[in-house]
Amino acid sequence: MLKKQEMLNEVLSHSRFVVMDLETTGFTPKKGAEILEIGARRYNADGHRVTATFHSFVKPKNVKKIPKKIVELTNIHDEDVKNAPYIEIVLKKLYEFI
């Protein structure tokens with residue numbers, strides 16, 4: 001019988017997967033935090049080679065100015081998202097990428 005790590009290695013050796021990263025306007029969606037940026041990388045079966053990348057800024061709908069603390073953490077400024085697509089468009093593109 002395979003051990004947990006051996007099983008995980010076996011599954012990953014035959015799987016392609018996507019890793020995503022989000023940047024947001026805050027930490028609490030219930031308080032109005034919105035996605036500012038989505039990045040993703042698709043890896044081949046061995047998990048060592050990136051086969052494709054995805055990146056998009058997202059224009060927030062309700063946040064008019066990115067909080068200073070978030071700018072300091074992410075280095076994303078209002079100008080970066082000013083002409084970006086809204087989340088619905090970005091999510092459709094991300095879905096196609098995945």
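These notes on a predicted model take up its salt bridges, its nonpolar cores and one backbone angle.

1. Charged pairs in general. The structure contains 2 salt bridges, and both are described in the two points that follow. Side chains of opposite charge can pair when their charged atoms come close.

2. Glu88 and Lys61. In this salt bridge the closest N and O atoms of Glu88 and Lys61 are 2.4 Å apart. Because Glu88 belongs to helix H4 (residues 87-97) while Lys61 sits in the loop between strand E3 (50-57) and helix H2 (68-74), the pair ties together parts that are 27 residues apart in sequence. Glu88 counts as partly exposed, with a relative accessibility of 40%, and Lys61 is likewise classed as partly exposed, at 39%.

3. Asp78 and Lys65. Here the side chains meet in a salt bridge with an N to O distance of 3.4 Å. The pair links distant parts of the chain, since Asp78 lies in helix H3 (residues 78-81) and Lys65 in the loop between E3 and H2, 13 residues apart.

4. The largest nonpolar core. This core is made of 8 residues, namely Ile38, Ala40, Ala52, Phe54, Val58, Val90, Leu94 and Phe97. Strand E2 (35-43), E3 and H4 are the elements that give two or more residues to this core, and H4 gives the most, with 3 residues. Apart from this core lies another one, of 6 residues, including Leu36, Ile66, Ile70 and Ile76.

5. Surroundings of Val58. Leaving aside residues up to four places away in sequence, Val58 touches Ile35, Leu36, Glu37 and Ile38, together with Val81, Ala84, Pro85, Tyr86, Ile87 and Val90.

6. Backbone at Asn75. The phi angle of Asn75 is near 60 degrees, a positive value in a residue other than glycine. Most residues other than glycine have a negative phi. Asn75 is placed in the loop between H2 and H3, and at 56% relative accessibility Asn75 counts as exposed.

Methods
Residues numbered from 1 in each chain as written. Predicted model: local features only at pLDDT ≥ 70, side-chain atom pairs only at ≥ 80, totals over all residues. Heavy atoms only, no water. Salt bridge = Lys/Arg side-chain N within 4 Å of Asp/Glu carboxyl O. Helix = DSSP H or I, 4+ residues; strand = E, 2+ residues; numbered from the N terminus. Buried < 20%, exposed > 50% of the residue type's maximum accessible area, 1.4 Å probe, protein only. Core = buried A, V, L, I, M, F, W, Y, C linked by side-chain atoms within 4.5 Å. Contact = heavy atoms within 4.5 Å.
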